[in-house]
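Me: I'd like to learn how to read pockets and helix packing in a model like this one. Can you walk me through it?

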Amino acid sequence: ALSLYRRNALRGARELAQAALALRRDEELIELLLKLRREIAVQRDYDNASTAHFTVLYDGYEHEEMKVLVLDILKSAYADIGKELDHFPEEPITVILYTGRAFSDVTSAPGWAGGMFGKADGKIRLPVHGAEGQERALRRVLTHEYVHALVHALAPSAPMWLHEGLAQYLSGD
């Protein structure tokens, strides 16, 4: 179930989590199942755009134009941050674009959060509603979250101060 969740095969992950819970109660699986239900509800009509290094999931109705900008920013981050940290991920990283409310519903993040990297699933999540015309801020947030993804890949148990310090420094904060 976790493997499918990381690959964004949400319905398959949900089926396996439900089957596992039928065999034995497990708090982590219950938490995963709740998360899957929220994400499936939000992403049910999402489109995706992929490159060799990224898969961007987005609401085609609201974020069609935004996906092009996001992919351009990610392409730059892949080259620039990869060079700085001497690491270029082999597997594509999933980036999910949400409206502000959907972001909050799925992540339970505070309203001030500009984005989130999930250590459990390796996905970057961003609220992009109202981000039109805010390319500089979007670039900073995407780069910041991408640094978290690379630091996690290089050192999964790195302390939070190192994560935040590198993310802030390399995103220009």
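Me: How do the residues lining the second largest pocket divide into nonpolar, polar and charged?

Reply: Sort the lining by residue class and count. In this predicted model, the lining of the second largest pocket comes out as 8 nonpolar, 5 polar and 4 charged residues.

Me: And what volume does that second largest pocket have?

Reply: The space in there is about 360 Å³. To find its centre, look for G115, M116, E145, H148 and E164, the closest to it of the 17 lining residues.

Me: Now the largest pocket: what is its volume, and which residues lie nearest its centre?

Reply: The volume is about 470 Å³. Of the 20 lining residues, E91, P92, I93, D121 and G122 sit nearest the centre. β3 (93-98) and α6 (135-154) each supply at least two lining residues, and α6 has the largest share, with 4. By class, this lining has 8 nonpolar, 5 polar and 7 charged residues.

Me: On to helices. How do α4 and α6 cross, and at what angle?

Reply: Start with two numbers, the axis distance and the angle. The axes of α4 (residues 60-85) and α6 come within 9 Å and cross at roughly 45°. An angle between 35 and 65 degrees counts as oblique, so α4 and α6 are oblique to each other. Their crossing is right-handed.

Me: Which residues make that contact?

Reply: On the α4 side they include M66, L69, V70, I73 and L74, and on the α6 side L138, L142, Y146 and L150 are among them. The contact of α4 with α6 divides into 16 nonpolar, 3 polar and 2 charged residues.

Me: Try me on another pair. Are α2 and α3 roughly parallel or roughly antiparallel?

Reply: Check the angle against the cut-off: over 145 degrees counts as roughly antiparallel. Helix α2 (residues 10-23) and helix α3 (residues 27-43) pack at about 150°, with axes 9 Å apart, so α2 and α3 are roughly antiparallel.

Me: What about the handedness of the α2 and α3 crossing, and which residues meet there?

Reply: The crossing of α2 and α3 is left-handed. From α2, the contact includes L10, A13, A17 and L21, which meet a set in α3 that includes L29, L33, L36 and I40. By class, the contact of α2 with α3 has 10 nonpolar, 2 polar and 4 charged residues.

Technical notes
Residues are numbered from 1 along each chain as its sequence is written. This is a predicted model: local features need pLDDT of at least 70, side-chain atom pairs count only at pLDDT 80 or more; totals for chains, interfaces and linings use all residues. Side-chain values use heavy atoms; hydrogens and water are left out. On a 1 Å grid over the protein atoms alone, a cavity is a set of points where a 1.4 Å probe fits but cannot get out, and a pocket is an open set with protein on both sides within 12 Å along at least five of seven lines; lining residues have an atom within 4 Å of a point. Grid points are joined across faces, edges and corners, and a volume is the space filled by probe spheres set on the points. Ala, Val, Leu, Ile, Met, Phe, Trp, Tyr, Cys and Pro count as nonpolar, Asp, Glu, Lys and Arg as charged, and the others, Gly among them, as polar. Axes are lines fitted to C-alpha atoms, for helices over the stretch in contact, and angles run from 0 to 180 degrees between N-to-C directions. Angles under 35 degrees count as roughly parallel, over 145 as roughly antiparallel, 65 to 115 as roughly perpendicular and the rest as oblique. A crossing is left-handed if the near helix is turned anticlockwise from the far one by less than a right angle, and right-handed if clockwise. Contact means heavy atoms within 4.5 Å.
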